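Biologist: Could you walk me through reading strands and helices in a model like this?

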Amino acid sequence: MKFFIDTANLDEIKEAYDLGILDGVTTNPSLMAKENIKGQENIINHYKAICEIVDGPISAEVIATDYEGMIREGEILAALHPNIVVKIPLLKDGIKAIRYFSEKGIKTNCTLIFSAGQALLAAKAGATYVSPFVGRLDDISMDGIDLIEQIRVIFDNYDLGTEILAASVRHPVHILQCAEIGSDVVTCPLNAILALLKHPLTDIGLAKFLADYQKSL
Ligand code: E4P
């Protein structure tokens, strides 16, 4: 399973990349705003800065919601770096835009997926990734992990090449559930990745090893 980090924070991206386990990055307009990245030029420069840190797919989201606008913005984003993946919201025009980019060999990530039907349409249009939002479904008392499972079955039934990119993944249990189901990718904040490192028995065991070593000196 590939690990993407879901942030626009350059320090966090670098920290995850330096761990040696990071495969890519996802951003969205809210994450860019959180880092105070404003204005077209700054946004473009920020994507370029991310591409300099991570050698892997970097999702950059279009703001337009009409077909022509998505094509215009997506082409500008895709031209920034070969690793840019154009992130497109699940809309009727978005599906058409995904088909357009797919025919041009430009990678896409279809975002804001909350049902298996939406994922199937995006895959049929040729999306490179679909992003079902696990945590946001959990937030409204639905089971986000069930959706990942349903999409996995459908994509496997027809050998669809689109990768399942489990998004809105909030904690280490989500990550493990996605891994058990066979999600191709998870994208999550740095703290969810770092939480996988932790186990109290590891800390206790290490303290004892070090204490015993001291006795042998
Ligand atoms: C998807 O790519 C989104 O950037 C993201 O995963 C949304 O996560 P959130 O629901 O925690 O905001």
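Modeller: Start with strand pairing: two strands pair if DSSP finds at least two bridges between them. Here strands β7 (residues 163–166) and β8 run parallel, paired over two bridges, with Leu165 bridged to Val185 of β8. Strands are DSSP runs of E, at least two residues, and helices are runs of H or I, at least four, numbered from the N terminus. This is a predicted model, where local features need pLDDT of at least 70 and side-chain atom pairs 80 or more, while totals for chains, interfaces and linings use all residues. Residues are numbered from 1 along each chain as its sequence is written.

Biologist: Which strand pairs with β8 over four bridges?

Modeller: Strand β1 (residues 2–6), also in the parallel sense. There, Ile5 has Cys188 of β8 as its bridge partner.

Biologist: Are the residues of β8 buried or exposed?

Modeller: Buried means 20 or more other C-beta atoms within 10 Å of a residue's own, with C-beta atoms placed from the backbone. In β8 (residues 185–188), Val185 and Thr187 point one way and Val186 and Cys188 the other, and all are buried.

Biologist: And at what angle do α1 and α3 pack?

Modeller: Axes are lines fitted to C-alpha atoms over the stretch in contact, and angles run from 0 to 180 degrees between N-to-C directions. Helix α1 (residues 10–19) and helix α3 (residues 40–53) pack at about 15°, axes 10 Å apart. The two are therefore roughly parallel, a word for angles under 35 degrees. Residues in contact have backbone-placed C-beta atoms within 7 Å; here Leu10, Ile13, Lys14 and Tyr17 of α1 meet Ala49, Ile50 and Ile53 of α3.

Conventions. Parallel < 35°, antiparallel > 145°, perpendicular 65-115°, else oblique. Contact = placed C-beta atoms within 7 Å. Buried ≥ 20, exposed ≤ 12 C-beta atoms within 10 Å, placed from the backbone.
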